[in-house]
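Please open the model in your viewer and keep the selection tool at hand. The stops below say what to select and what is there.

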Amino acid sequence: GSLKLPSTLYALFGFVVLSIAISIYFRFPLAFFLLSLQSLLVVSMALWFRSRFIVIMNVILFMGLLVTYISLNDPIHSANFSFAIISLITARIINWKKTLLEIRTELIRNAYLFSGFLMVLLSLYYVVPDKFESLSWTGAALLFFILSVILSNVKYRYLAIATMVATTFHVFLFDLKNISIGYRV
């Protein structure tokens, strides 16, 4: 009861200090990789403290960190994939343990799923050669669909559909300009 707020504030202060230490010691853009991993640690601690407040603060900081990372235009592959994987894992953990956190809204989970979706596409865009981007995005859509079946969760099916829509636009806007007229028809 009365010790819950101080312990939550101490935990948040500890995470802020850890973030500052990571930022100073590892420098950006490499620090983004470790800060995204720290986000998973924060959610795990929030489950331990059963703190909605820590989860809400983490999602705000994670999204701010993600927007900052994307806006810097200096991507590193490990950070790209860590943001994608951490987003999807965090969304899964929040869904799995939402009764512990007493979270009644899906907004936080949807934010993590959306950021995971975007980062999967962005990660594959930077890693895969140009001629295989659409194929890799189709593979990601297939993986999202398989996850929706395994987890019996419709949100992953929505991610699969959104990935296929993005792939379709990519094919029509970029891939078709690189093939001969005969194949376009």
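Predicted model: local features only at pLDDT ≥ 70, side-chain atom pairs only at ≥ 80, totals over all residues.

Residues are numbered from 1 along each chain as its sequence is written, and side-chain values use heavy atoms, with hydrogens and water left out.

**Stop 1: helix α2**

Select residues 30-49, which form α2. Helices here are DSSP runs (H or I, at least four residues), numbered from the N terminus. The 20 residues of α2 should span 28 Å at 1.5 Å a residue, and its end C-alpha atoms are 29 Å apart, which agrees. The expected span is 1.5 Å times one less than the number of residues. Among the buried residues of α2 are F32, L35, Q38, V42 and L47; buried means under 20% relative accessible area with a 1.4 Å probe, counting protein chains only.

**Stop 2: helix α7**

Move to residues 133-151, helix α7. Its 19 residues reach 27 Å from first C-alpha to last, close to the 27 Å expected. Colour E133, S134, S136, W137, A140, A141, F144 and S148, which are buried. They lie on the same side of α7 because they cover an arc of only 165° around the axis, the arc being that of the directions from the helix axis to the C-beta atoms. α4 (77-96), α6 (107-127) and α8 are among what covers them, where contact means heavy atoms within 4.5 Å. Turn to the other side of α7 to find L135, L143 and I150 exposed, that is, over 50% relative accessible area. S152 follows α7 and has a positive phi, near 50°.

**Stop 3: the largest pocket**

Select S19, Q38, N58, L61 and F62, the closest to the centre of the largest pocket among its 14 lining residues. A pocket is an open set of points on a 1 Å grid over the protein atoms alone, where a 1.4 Å probe fits, with protein on both sides within 12 Å along at least five of seven lines; lining residues have an atom within 4 Å of a point. The volume is about 280 Å³, taken as the space filled by probe spheres set on the points, which are joined across faces, edges and corners. Which helix gives the most to this lining? α3 does, with 6 residues.

**Stop 4: the second largest pocket**

Finish with Y125, D130, K131, E133, H170, F174, D175, K177 and N178, which line the second largest pocket. About 200 Å³ of space lies there. Helix α8 (residues 154-175) supplies the largest share of this lining, 3 residues.

How values were computed: Helix = DSSP H or I, 4+ residues; strand = E, 2+ residues; numbered from the N terminus.
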